[in-house]
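Welcome! Let us take a walk through this structure together, starting with its open space and then turning to a helix and a strand.

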Amino acid sequence: MKLETERLILQTLDLDLIDAAAGRDARAIEALGYKTNGEWPGQDFYEALPFFRELLVKNNGTRGFDSWIIATKAEREIVGGIGFLGEPDENGMIEIGFATNESQQRKGYCFEAASGLLAWATSRDGVKKVTARCEPGNGASRKVLEKLGFGIDREDDEFLYWTYRGSN
């Protein structure tokens with residue numbers, strides 16, 4: 001699946017891209033049509049690759065409620081990752097997460113990508129609630145979530161827990 005925003009391409013991961021990312025293989029990533037400066041995948045995303053691989057195999061492909069890359073339209077450079085932690089649950093809830101490569105932060109890419117993916121997700125049957133989490137000290141994620149229209153529901157020592165209230 002592929003979505004486009006003003007400056008970005010959002011593309012779901014396939015097994016080839018997951019394998020290239022898991023091997024941190026820049027040549028394989030470039031052979032798939034994307035550029036990388038070596039920052040992607042970040043550590044959290046890298047650690048989640050087996051989970052996303054398992055989802056793709058289990059679902060016999062993507063349904064969009066898994067992992068997407070964020071790439072610039074002009075250069076097709078992967079500048080981050082975004083996605084969901086699986087299909088809507090029995091209450092129609094999904095959780096979104098995102099990260100931008102350190103060298104690409106403060107350019108509005110997370111907000112732009114998340115806006116596009118939220119529009120896609122909230123138009124899908126079965127999606128009734130979108131949540132997110134971030135660490136209390138993560139000011140950048142906090143700003144993006146607030147700007148997107150998320151509000152804090154609760155917090156503990158590890159995370160702030162957010163719910164999407166609608167676009168601002």
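A pocket here is an open set of grid points where a 1.4 Å probe fits, with protein on both sides within 12 Å along at least five of seven lines. Keep in mind as you look that this is a predicted model.

With that idea in hand, find the largest pocket, which holds about 1400 Å³ of space. Its lining is made up of 45 residues, and those nearest the centre are Phe98, Ala99, Thr100, Asn138 and Ser141.

Which of its residues are buried? They are Ser141, Val144, Leu145 and Leu148. Looking down the helix axis, you would see these buried residues within an arc of 95 degrees, so they line one face of H5. An α-helix has 3.6 residues a turn, so residues three or four places apart point the same way.

Just past the end of H5 comes Gly149, with a positive phi of about 105 degrees. Gly149 is also one of the contacts of Thr163, a residue of strand E8 (160-164). Beyond its sequence neighbours within four places, Thr163 also touches Lys129, Val130, Thr131, Phe150, Gly151 and Asp153. Thr163 counts as buried because its relative accessibility is 8%, and buried means under 20%.

How values were computed. Residues are numbered from 1 along each chain as its sequence is written. This is a predicted model: local features need pLDDT of at least 70, side-chain atom pairs count only at pLDDT 80 or more; totals for chains, interfaces and linings use all residues. Side-chain values use heavy atoms; hydrogens and water are left out. Helices (H or I, at least four residues) and strands (E, at least two) are DSSP runs, numbered from the N terminus. Buried means under 20% relative accessible area, exposed over 50%, partly exposed in between (1.4 Å probe, protein chains only). Contact means heavy atoms within 4.5 Å. On a 1 Å grid over the protein atoms alone, a cavity is a set of points where a 1.4 Å probe fits but cannot get out, and a pocket is an open set with protein on both sides within 12 Å along at least five of seven lines; lining residues have an atom within 4 Å of a point. Grid points are joined across faces, edges and corners, and a volume is the space filled by probe spheres set on the points. The arc is that of the directions from the helix axis to the C-beta atoms.
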